[in-house]
Amino acid sequence: MEYLKTAKSQSERADDDAQVRATVETTLREIETRGDAAVRELAEKFDNYTPESFRLSQSDIDALMAELSEQELHDIKFAQEQVRNFAQAQRDTMLDLEVEPLPGVILGHKTIPVQSVGCYVPGGKFPMVASAHMSVATASVAGVPRIVACTPPFKGKPNPAVIAAMHLGGAHEIYVLGGIQAVGAMALGTETIDPVHMLVGPGNAFVAEAKRQLFGRVGIDLFAGPTETLVIADETVDAEICATDLLGQAEHGYNSPAVLLTTSRKLAEATLAEIDRLLAILPTADTASASWRDYGEVIVCDDHDEMLKLADDIASEHVQVMTDRDDWYLENMTCYGALFLGPRTNVANGDKVIGTNHTLPTKKAGRYTGGLWVGKFLKTHSYQKILTDEAAAMIGAYGSRLCMLEGFVGHAEQCNLRVRRYGGRNVPYGEAAE
């Protein structure tokens, strides 16, 4: 293995996380204590936006959607249809269950939607239209009865495309609010915003930290960091496609890791040169070049086995595979956010239109969780039912003995009572059933 380009070390990457944590903690306390007044002050401070009401009326929504062309609306609807179709296919695999493992004993589970969800859609630097599909439309497919959507103003006003995507996706309440004040208001509630049960959606470091601090009071989709991309390539593809796909994600922010793993030193060197060429003409080069300078890596591996091992260790959010054995990676990779297989596929299509969800695990979280999907909005609740006296006495006797084994006498009496009542057996109080 040889590094032709390295990124900052972990110690060099250390930023002002402590300052972010302290700022978020103080801000959430203000929102919880002062409600709408705190939210309004924060919106004025960070977004210079304080309308009479942050919530959009139907007439506001209609007026904003009227600013879009027919083609723009068609494209939004097309993308949402793909997201909805895939989410519905996933939902159809999640079935309620009821079994009778023993005569007279019924066990089952029901799948119930989360009752209210707050969807955050970023929009400060780029209006993230697609994020509305991924959160709002997917929650709608899950059957969430109350979907709240928040997005910051874009250049001083609500972004028409984002608002259209929220509305068409099925949002019941739409607020033009950004940052900590948005997720804080949705989670904690204010005089005018009822609190939700769950928060979803990406955001900047302050939004991510706010979700982390609110986790427990509400559910969240996942802990999200900066966008990450990993390209796994061999000599079957060229430098232009590798460089384009790396920079396509590096433009997300100044700290978005972009890594190339390859078995071809020739491809690695050509990709480095091609990245330099593209950065000279890319309109978003200011951002992309910062990410590439500080977080870009090019690693030449000895073989595919080494690339696989390293890829699983990196556990990148997006993993694009362009090799002579793409399906081998699909079969063998275990730690990632989402896979994009073959040169015809790319992360941008996954982000915007193809149908899979783009809210994915970062910072190695792909080792233990997948991304946002319809199942995240659903809760699986078990239930039990004993139908016969015989079953009640039999299960009760086992339960009695096992409870006494652990020293839980009160637990055992719950079981003993059923043994006495439904089994007609005289179990002395506080003793294990025979």
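I call a residue buried when its relative accessible area is under 20%, exposed when it is over 50%, and partly exposed in between, with a 1.4 Å probe and protein chains only. The model is predicted, so I note that local features need pLDDT of at least 70 and side-chain atom pairs count only at pLDDT 80 or more, while totals for chains, interfaces and linings use all residues. Residues are numbered from 1 along each chain as its sequence is written, and side-chain values use heavy atoms, with hydrogens and water left out.

**Annotated site.** The unreviewed UniProt entry places the feature "active site" at Glu317 and His318; such annotations may be inferred rather than shown by experiment. I found His318 in strand E12, where strands (E, at least two residues) and helices (H or I, at least four) are DSSP runs numbered from the N terminus. His318 is buried, at 1% relative accessible area, and Glu317, in the loop between helix H13 (304–314) and E12, is buried as well, at 5%.

I then listed contacts, meaning heavy atoms within 4.5 Å. Beyond four places in sequence, His318 touches residues including Thr227, Glu228, Gln249, Asp351 and Leu360, and for Glu317 the list includes Pro226, Thr227, His358 and Thr362. A polar side-chain atom of His318 lies 2.7 Å from the backbone oxygen of Glu228, which I checked against the polar-contact rule (N or O atoms within 3.5 Å, one able to donate a hydrogen and the other to accept it within protein, and residues adjacent in sequence counting only if both atoms are side-chain atoms).

**Helix H10.** Gln249, one of the residues that His318 touches, is among the buried residues of H10, as are Ala239, Cys242 and Asp245. The buried residues of this helix pack against several elements, including strand E9 (229–233), strand E12 (318–322) and helix H15 (347–352). At the start of H10, a side-chain oxygen of Asp238 comes to within 3.0 Å of the backbone nitrogen of Glu240.
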